[in-house]
Each structure stands twice: as C-alpha cells, then as structure tokens.
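Hi everyone, thanks for coming.

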Amino acid sequence: MINLTFGEKLKKRREEKGLSQNDVADFFGENFSRQAVSKWERDDGYPEVEKLLILASRLDVSLDILFEEELDYLKKKTSNNIMKK
C-alpha cells in the first residue's frame, strides 16, 4: 500500500469531490486564498485546527485518515525516544 502525506490525501479527496483549490478556499470565506490550499497540498504547512475540522466535514473524510502517516511517524518517533531513555 502506498503511503500518502496529508497534502497528497487532501488533493486526492478534493479531486474526488470534483472541487478546485478555489472551491476549497471558499469554505473559509472570501478573504481566504487558493494559495493557502496549494501550500497544504504541497505539504508546506498544515491548516489551523478550526480549518482542519471544516475540511474534514466538507470533504467528508476523517482527520484520522488525513493524518494517518503523520500519526504513525510520531508514534514511532516517540516510542524510539522512550526506548533510548
């Protein structure tokens, strides 16, 4: 199974829903830019928690699914640090 990053999953889900980056930006109001959505899809940053909740709701996807690989990475990293102590 291919592991996808948050940004890759976001882009895939957006495209599955037939939405453009502008459509997703519109979820957050008129002063929100498509460039922010592009940034997330390039994994150059993450949305704020409030925006994550809106994304999950509007794209009908759970945060667990969007962040599965990132959570696994953090669990392994934390586990390795505990073992070193």
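Predicted model: local features only at pLDDT ≥ 70, side-chain atom pairs only at ≥ 80, totals over all residues.

**Starting with helix α4**

Let's begin with the residues of α4 that are buried: Lys-51, Leu-52, Leu-55, Ala-56 and Leu-59. They sit on the same side of α4, because the arc they cover around the axis is only 135°.

Okay, on to the aromatics. How many aromatic pairs does the structure hold? There are seven, and I'll show you two of them.

Take Phe-6 and Tyr-46: their ring centres are 5.5 Å apart, and with the planes at 55° the pair is tilted. This pair links distant parts of the chain, since Phe-6 is in helix α1 (residues 6-16), Tyr-46 is in the loop between α3 (34-41) and α4 (49-59), and the two are 40 residues apart. Are these two buried or exposed? Phe-6 has 0% relative accessibility, so Phe-6 counts as buried. Tyr-46 is at 49%, and therefore counts as partly exposed; the cut-off for exposed is over 50%.

The other pair is Phe-28 with Trp-40. Here the ring centres are 5.9 Å apart and the planes are at 85°, so we call this pair edge-to-face. Again, distant parts of the chain are linked: Phe-28 is in the loop between α2 (21-26) and α3, while Trp-40 is in helix α3, twelve residues apart. Phe-28 counts as buried at 17% relative accessibility, and Trp-40 is buried too, at 5%. Zoom out a bit, and you'll see that ring pairs link Phe-27, Phe-28, Phe-32 and Trp-40 into a cluster.

One last stop: Glu-41, which is also found in helix α3. Is Glu-41 buried or exposed? Buried, because its relative accessibility is 10%. And which residues does Glu-41 touch, leaving out those up to four places away in sequence? Those would be Gly-7, Glu-8, Leu-10, Lys-11, Arg-14 and Gln-21.

That's my tour, and I'm happy to take questions.

Notes
Residues numbered from 1 in each chain as written. Heavy atoms only, no water. Phe/Tyr/Trp six-rings, centres within 6.5 Å; stacked < 30°, edge-to-face > 60°. Helix = DSSP H or I, 4+ residues; strand = E, 2+ residues; numbered from the N terminus. Buried < 20%, exposed > 50% of the residue type's maximum accessible area, 1.4 Å probe, protein only. Arc of directions from axis to C-beta. Contact = heavy atoms within 4.5 Å.
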